[in-house]
Amino acid sequence: MATPPFQPAWWLRNRHAQTLWPTLGRRRVRLTLSRERLELPDGDFLDLDWTARDSGPIVVVFHGLMGSVDSPYARGMLKEIHARGWRGLFVHFRSCSGEPNRKDRFYHSGDTGDMAFVVNEVNRRHPETPVAAVGYSLGGNALLKWLGETGDSNPLAAAVAVSVPFDLQSVADSIHEGFSRIYEKHLIDKLNGSVRDKIGSNGHSMPVDEKELAGLKTFWEFDEAVTAPLHGFKDARDYYVTSSARQFLPAIRRPALVLHAKDDPFMKPHVIPTETELSDTTRMELSDQGGHVGFIHGKWPWSARYWLEERIPEFLAEFF
């Protein structure tokens, strides 16, 4: 039976409640995972977590800003992937697995190089196996950008992107307004913590010192002082303009599903692409409600259901 369009739980209609519930109200999903350290060509590494199957189609999961395999959406999706008889592969971006990466650089919203390296390595190991990908928030932006950059040559069978910050500059402005500043503060504190770990480690050269880092309170300030110089951008604006996924959407040639909520508290509705901006292979399903990577329904809080974990596998099954 096809998954119906998303309708929020009657007890969780507020966009902030939808966004915060998975973190504050969801029980931890139990998983059996095995970790692999993948060495990168530049001498750095990525930590990957595999679900327990040895065969079947492979779904690669890319997390959002400062996410990890412990993020509720990640564990929920990996459990559903396993239940379908597929293999799940969760990719920690640099510095997100609980151990600082070796290089000075981190990761960012437009970083598609590591993403491509992982998928190409999976295809090299399993040449007869279909591989799809799911990206959340920052990971979704990078995934759509990569799909657009590579067009017909992209190796994925299909892809899904959730709650994508399509226009990074607008999102950096929006998340600094009203209640959304709570999310900004939480994420900036975590980002600053990652940089602070590097400052305190021998052999690392950061573009800011401890005192300067303490003064970074917004995404504009952090990306101007840290993200841009570490990753070769002229400034924060250059980073936002070149890394936003929206401009790459028309060039996507692989089957892609974009799931988004109009009430996403990280961004304003005007960042959402129009149908004319999408390629023929891209389908956007836009919900009035759902928050940011929320999309919770169900009759009661103790029997909450997670719509993304129903809709995403249903879409991917078309290509497996």
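1. R94 and D114 are both buried. Their side chains meet in a salt bridge, with 2.7 Å from N to O. This pair links distant parts of the chain: R94 sits in the loop between strand 4 and helix 3 (113-125), while D114 belongs to helix 3, 20 residues apart. Please keep in mind throughout that this is a predicted model.

2. Eight strands form an open sheet in the order 1-2-4-3-5-6-7-8, and the pairing is mixed. Strand 1 (34-39) and strand 8 (282-287) are at the edges; each has a single partner strand, so one side of each is left without a neighbour in the sheet. On average, neighbouring strands of this sheet are turned by 20° against each other, direction ignored.

3. Strand 4 covers residues 87-91 and is mostly covered, with five of its five residues buried. Which way do its residues point? R87, L89 and V91 point one way from strand 4, and G88 and F90 point the other way. In a regular strand, side chains alternate between the two faces of the sheet.

4. Strand 4 has two pairings to follow. With strand 2 (residues 45-50) the pairing is antiparallel and runs over three bridges; D49 stands opposite F90 of strand 4. With strand 3 (residues 58-62) the pairing is parallel and runs over five bridges. A residue to look for in that pairing is F62, whose bridge partner in strand 4 is V91.

5. L65 is in the loop between strand 3 and helix 2. Is L65 buried or partly exposed? L65 counts as partly exposed because its relative accessibility is 24%, and buried would require under 20%. Between L65 and A2 there are 63 residues in sequence and 31 Å in space, taken C-alpha to C-alpha.

6. The structure holds 25 salt bridges. One of them joins the side chains of R105 and D111, at 2.4 Å from N to O. The two partners fall into separate accessibility classes: R105, at 21% relative accessibility, counts as partly exposed, whereas D111, at 10%, counts as buried.

7. Another salt bridge joins the side chains of E314 and R311, at 2.8 Å from N to O. Why are E314 and R311 separated by about one helical turn? They are three residues apart in helix 10 (residues 308-317), and therefore about one turn of the helix lies between them. R311 is buried, with a relative accessible area of 5%. Elsewhere, salt bridges that share partners join E36, E121, R124 and R125 into one network.

8. A last point is about the surface. Which residues make the nonpolar surface patch of about 400 Å²? The patch is made by L20, L24, F179 and I182. Of these residues, I182 lies in helix 6 (residues 181-199).

Methods. Residues are numbered from 1 along each chain as its sequence is written. This is a predicted model: local features need pLDDT of at least 70, side-chain atom pairs count only at pLDDT 80 or more; totals for chains, interfaces and linings use all residues. Side-chain values use heavy atoms; hydrogens and water are left out. Buried means under 20% relative accessible area, exposed over 50%, partly exposed in between (1.4 Å probe, protein chains only). Helices (H or I, at least four residues) and strands (E, at least two) are DSSP runs, numbered from the N terminus. Two strands pair if DSSP finds at least two bridges between them. Patches are made of residues with over 30% relative accessible area and no salt bridge: like charges are joined within 9 Å, nonpolar side chains (Val, Leu, Ile, Met, Phe, Trp, Tyr) within 5 Å. Accessible areas come from the Shrake-Rupley method with a 1.4 Å probe; for residues, only the protein chains shown count as cover. A salt bridge is a side-chain nitrogen of Lys or Arg within 4 Å of a carboxyl oxygen of Asp or Glu. Axes are lines fitted to C-alpha atoms, for helices over the stretch in contact, and angles run from 0 to 180 degrees between N-to-C directions.
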